[in-house]
Amino acid sequence: MSGPDAADPSTPAPEKPPAKDVVIPQQPAIVAPRTFLEPARPIMPPTPLSAIDREQMEGLRSIRAFLKVRTSYDVLPLSYRLIMLDTALLVSKSLKILNQNGIVSAPLWDSKTSTFAGLLTTSDYINVIQYYWQNPDALAQVDQFRLDSLRDVEKAIGVMPIETVSIHPERPLYDACRKMLASRARRIPLVDIDDETRRHMVVSVITQYRILKFVAVNVKETQKLRKPLRELPDVGTYANLATATMETPVMDVIHMLVKKNISSVPILDKDGTVVNVFEAVDILTLIKEGAYDDLKLNVGEALLKRSEDFPGIYTCSVHDQLGTIYDTIRKSRVHRFIIVDEHRKLKGVLTLSDILDYTLLEGEVDE
Ligand code: AMP
């Protein structure tokens with residue numbers, strides 16, 4: 001077979017020029033005249049802090065130093081009570097116990113394994129409510145839920161399991177705060193190990209409020225926190241606020257609390273004036289003893305059921321300083337400040353989580 005391309009083996013192949021390295025022409029570096037003209041960017045010395053900024057940082061450092069040398073034991077009063085609930089208890093009975101004792105959470109104890117089984121909080125009841133709302137025919141079943149089935153309820157409604165964080169009471173208070181911030185928990189159980197039995201020993205539960213009050217009472221440098229909130233735009237929440245009116249159905253507010261993982265919703269009138277605050281703990285009154293009918297109420301009707309000793313709503317303005325906020329925490333049992341303008345129109349929300357976060361983490365390098 002021959003063809004135009006077939007080489008004749010008898011004819012010597014024409015000599016190939018020696019292979020040369022392929023040289024790709026170098027792209028000339030583009031030098032803009034500007035490159036020569038602009039002086040090298042000078043290294044700017046850090047802007048010196050203003051006196052008020054320096055004082056603010058000193059205040060924060062004093063609080064952090066204090067929290068590092070105190071333990072959770074130091075926060076506990078000399079005498080206190082601790083109500084623990086067995087995981088075999090019916091959810092409806094647990095509600096009755098919380099309401100009767102005027103508390104909103106309790107550590108759980110698994111008596112089968114003699115171990116600490118996490119903290120029961122309003123979020124658990126909200127999960128049961130959501131389950132009931134999705135399965136209204138299952139009321140009889142909801143009635144039979146025991147505390148140890150709460151994890152199944154979480155799975156059934158597809159929410160993330162609530163982390164069961166705890167801390168040894170002898171750890172620095174600072175570590176307890178960091179753990180609370182990392183898990184977004186508003187309270188943390190103190191769990192020790194019994195020397196003899198090596199078993200869990202639940203000592204108490206400390207809350208954000210207790211810690212911040214302890215700081216407010218003992219650290220006079222909180223008075224150095226003189227910057228007004230308007231100069232601390234990252235402290236508190238000012239945008240995308242979840243709000244409701246007196247006419248909003250309670251169930252809508254519950255969905256807001258879950259969706260945003262928040263513990264309260266300001267209630268506004270038609271002009272945007274703050275008239276009340278619906279708190280997650282208000283739900284416990286509504287589902288007292290396991291009846292769910294009151295969930296059909298609207299916010300206005302639900303708030304009428306609030307106990308007489310409701311401490312009221314705390315407001316502040318963007319002109320307030322954290323020093324005065326700490327003063328209020330020292331004097332009153334407050335969990336959040338609704339930030340309003342001079343006409344009581346809603347501006348933002350400043351909660352204990354925000355205050356704790358700023359107090360511990362402002363200016364800190366991520367670990
Ligand atoms: P809390 O769980 O209430 O401490 O709030 C957790 C975070 O959500 C904080 O950063 C609050 O400023 C923010 N927050 C609280 N309430 C609301 C609300 N109604 N709307 C939007 N954000 C909120």
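This is a predicted model: local features need pLDDT of at least 70, side-chain atom pairs count only at pLDDT 80 or more; totals for chains, interfaces and linings use all residues.

Me: Where is Ile206 found?
Reply: Ile206 lies in strand β5, residues 200-207.

Me: Is Ile206 buried or exposed?
Reply: Buried means under 20% relative accessible area. Ile206 has a relative accessible area of 0%, so Ile206 counts as buried.

Me: Which residues is Ile206 in contact with, leaving aside neighbours within four places in sequence?
Reply: The list includes Ser72, Val75 and Leu76. Leu173, Ala176 and Met180 are also among them, as is Leu190. Ile206 and Leu190 are 16 residues apart in sequence, with C-alpha atoms 7.3 Å apart.

Me: How do I read side chains along a strand?
Reply: In a regular strand, side chains alternate between the two faces of the sheet. As for burial in this case, β5 is mostly covered, with 6 of its 8 residues buried.

Me: How many bridges join β4 to β5?
Reply: There are 7, and the strands run antiparallel. Asp192 stands opposite Met201 in β5. The two strands form a hairpin with 6 residues between them. Arg198, in the turn, has a positive phi of about 60 degrees.

Me: Which residues of helix α8 are buried?
Reply: Helix α8 spans residues 173-183, and its buried residues are Leu173, Tyr174, Ala176, Cys177, Met180, Leu181 and Ser183. They pack against α2, α3, β4, β5, α9 and α14. Just after α8, Arg184 takes a positive phi of about 60 degrees.

Methods:
Residues are numbered from 1 along each chain as its sequence is written. Side-chain values use heavy atoms; hydrogens and water are left out. Helices (H or I, at least four residues) and strands (E, at least two) are DSSP runs, numbered from the N terminus. Buried means under 20% relative accessible area, exposed over 50%, partly exposed in between (1.4 Å probe, protein chains only). Contact means heavy atoms within 4.5 Å. Two strands pair if DSSP finds at least two bridges between them.
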